Amino acid sequence: MQDIKKKIESEAEQEAKEIIEKAREQAEKIKLSAEEEIRKIKEQYDKKLEAERPEIFRRKRIVANLETKKMELGSKRYLVDLAFSKSVEHLASMDKNKYQQFVSALLEKAAGDGEGLLLVGENEQVITEEWIEGFNKKHKTHIVLDKKRMKTAGGFILSKGRVDVNCTFEALVKSLKEDIEIDVFNKLFSS
């Protein structure tokens, strides 16, 4: 009985070794096959990458050029906006006589029927009660200076009922900007 048991155990052990050896061989074949498949796939991707490399670099150059042009255009836009902003400052810094003539001509055009409420900037020095009185006498108008003040570099807003005529320097320059911006851009940056 003991001998039979040993024989069975020996045969089972031998069979287990054979099964394990076959499994190792299969695992090695699977491993080699997988490595070969990986190598083939890697070769395919390497070839594909090599073939697409010029296109990838071409696209990168295009994107870089677009970004450069975008930044350049942004800088030009900033400079044009700065030029118009400086023109508002220039209008606000006119000498007193020119300033009076300028706002008088604006108010004369804006007054129309000769009545209205005039709103000026908080730092306005020229358009005063006395100046308005003189303007009204000269032009036979009835314009009243509003007690409220607004933030503006210069000019005024004339309220006539439901209509506001905006003659602030910012509004005048903005209106002009819409008409001449392209010409200014071309003159500043034509090469």
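In this predicted model, Phe169 has a relative accessible area of 0% and is therefore classed as buried, the cut-off being under 20%. In contrast to the buried Phe169, Phe102 is partly exposed, with a relative accessible area of 28%. Ring pairs also bring in Tyr99, so that Tyr99, Phe102 and Phe169 form a cluster.

Helix H4 also contains Lys174. This residue counts as exposed because its relative accessibility is 54%, against a threshold of over 50%. The C-alpha atoms of Lys174 and Ser85 are separated by 9.4 Å, although the two residues are 89 residues apart along the chain.

Helix H1 spans residues 2-92 and has a kink of about 45° at Glu52, shortly before the proline Pro54. The buried residues of H1 are Lys76, Val80, Phe84, Val88 and Leu91. An α-helix has 3.6 residues a turn, so residues three or four places apart point the same way. The cover over the buried residues of H1 includes helix H2 (96-111) and helix H4 (169-189).

Strand E1 (residues 115-121) pairs with strand E2 (residues 142-150) in the parallel sense, over six bridges. Within this pairing, Leu118 stands opposite Leu145 of E2. Together with helix H3 (residues 129-139), E1 and E2 make a right-handed β-α-β unit.

In soluble globular proteins, nonpolar side chains tend to be buried together. The largest nonpolar core of the model comprises 24 residues, and those with the most contacts inside it are Leu107, Leu118, Ile127 and Phe156. Two or more residues are given to this core by each of H1, H2, E1, H3, E2, strand E3 (155-160) and H4. The greatest contribution comes from H2, with six residues. When residues up to four places away in sequence are not counted, Ile127 touches Val103, Leu118, Val120, Ile132, Leu145, Gly155 and Phe156. Among these contacts of Ile127 are Leu118 and Leu145, which face each other across the paired strands E1 and E2.

How values were computed:
Residues numbered from 1 in each chain as written. Predicted model: local features only at pLDDT ≥ 70, side-chain atom pairs only at ≥ 80, totals over all residues. Heavy atoms only, no water. Bend = angle between axes of the 7 residues up to and from the residue. Helix = DSSP H or I, 4+ residues; strand = E, 2+ residues; numbered from the N terminus. Buried < 20%, exposed > 50% of the residue type's maximum accessible area, 1.4 Å probe, protein only. Contact = heavy atoms within 4.5 Å. Phe/Tyr/Trp six-rings, centres within 6.5 Å; stacked < 30°, edge-to-face > 60°. Pairing = 2+ DSSP bridges. Right-handed = clockwise from strand over helix to strand, strands pointing away. Core = buried A, V, L, I, M, F, W, Y, C linked by side-chain atoms within 4.5 Å.
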